[in-house]
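This briefing gathers computed features of one protein chain, arranged by topic. Please read it alongside the sequence and the model.

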Amino acid sequence: MRRFSVLLLGGLLSGCLTFTESSVSITEGVDQRPEIYCSAALAEKAKVADWSKASIVEEYVKDGRYQEGLLEMWENKPYIIRLTNQDDTSRSFRSRDFFWKAGVYKVVQDDKSEIVSCMDAVTVGPGKTTDIYVLPQKTGTYYYYEAFVDAPYLQSLFWTSDMGMIYVR
């Protein structure tokens, strides 16, 4: 009971949860962090990348499961991560370590473009698609998952669905 109370309070305070007519919903949009957590140089490099040459990598969520599970990318090459939510509830794509070590340029949701330089996650509404413009700048393996709140070192307690992996060469 105590863990549920902490989760509920954390979700409400962060603005990620709202109550409407006896139901709980996750707010759609970008979960941003203060600029101090991310490198301005990475964001600037992403801003000036040639986005006309970006490759699209796609991930789908259906029945609470990521359908691809592995997103492969090359270092210093621009990508658009296209997330499609095929469920009837909002779903999130959280990969703090990846986003903090890559240059994020913008996120496009509902035909609205938002310049974002420091983010943890994006929440996609039911039946919607979101594009994340990203320039991976450090090789490695990064995990993505769905979670209501960001809880470093306790992430497995807050996962609400499947997880996947981003591999940057």
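Strands, as the word is used here, are DSSP runs of E with at least two residues, numbered from the N terminus. The model is a predicted one, and its chain holds 4 helices and 14 strands. Gln109 is found in one of these strands, S9, which covers residues 102-109.

**Chain as a whole**
- Of the 169 residues in the chain, 44% are buried, while the accessible surface comes to about 9,300 Å², with 52% of that area belonging to carbon and sulfur atoms.
- When contacts between residues at least 6 apart in sequence are considered, 71% of them join residues at least 24 apart.

**Gln109 and its surroundings**
- Gln109 has a relative accessible area of 13% and is therefore buried, the cut-off for that class being under 20%.
- Beyond its neighbours within four places in sequence, Gln109 is in contact with Gly29, Val30, Val122, Thr123, Val124 and Thr130.

**Salt bridges**
- A search of the whole structure finds 9 salt bridges, among them one between Glu28 and Lys128, whose closest N and O atoms are 3.2 Å apart.
- Because Glu28 lies in the loop between strands S2 (23-26) and S3 (29-32), and Lys128 in the loop between strands S11 (119-124) and S12 (129-136), this pair ties together parts that are 100 residues apart in sequence.
- Both partners are partly exposed, Glu28 with a relative accessible area of 33% and Lys128 with one of 29%; together with Asp110, they are linked in a network of salt bridges.
- The side chains of Arg33 and Asp120 meet in a salt bridge with an N to O distance of 2.4 Å, and since Arg33 lies in the loop between S3 and helix H2 (40-47) while Asp120 is in strand S11, the pair ties together parts 87 residues apart in sequence.
- Arg33 counts as partly exposed at 26% relative accessibility, whereas Asp120, at 0%, counts as buried.
- Glu72 and Arg169 also meet through their side chains in a salt bridge, at 2.7 Å from N to O, and this pair links distant parts of the chain, with Glu72 in strand S6 (residues 70-73) and Arg169 in the segment after strand S14 (159-168), 97 residues apart.

- Searching the whole structure finds 1 cavity of 30 Å³ or more, and about 60 Å³ of space lies in the largest cavity.
- The lining of the largest cavity divides into 5 nonpolar, 3 polar and 2 charged residues, including Glu59, Tyr66, Asn85, Arg91 and Val124.
- Strands S4 (55-62), S7 (79-85) and S8 (91-94) each supply at least two residues of that lining.

Conventions:
Residues are numbered from 1 along each chain as its sequence is written. This is a predicted model: local features need pLDDT of at least 70, side-chain atom pairs count only at pLDDT 80 or more; totals for chains, interfaces and linings use all residues. Side-chain values use heavy atoms; hydrogens and water are left out. On a 1 Å grid over the protein atoms alone, a cavity is a set of points where a 1.4 Å probe fits but cannot get out, and a pocket is an open set with protein on both sides within 12 Å along at least five of seven lines; lining residues have an atom within 4 Å of a point. Grid points are joined across faces, edges and corners, and a volume is the space filled by probe spheres set on the points. Ala, Val, Leu, Ile, Met, Phe, Trp, Tyr, Cys and Pro count as nonpolar, Asp, Glu, Lys and Arg as charged, and the others, Gly among them, as polar. Buried means under 20% relative accessible area, exposed over 50%, partly exposed in between (1.4 Å probe, protein chains only). Contact means heavy atoms within 4.5 Å. Accessible areas come from the Shrake-Rupley method with a 1.4 Å probe; for residues, only the protein chains shown count as cover. A salt bridge is a side-chain nitrogen of Lys or Arg within 4 Å of a carboxyl oxygen of Asp or Glu.
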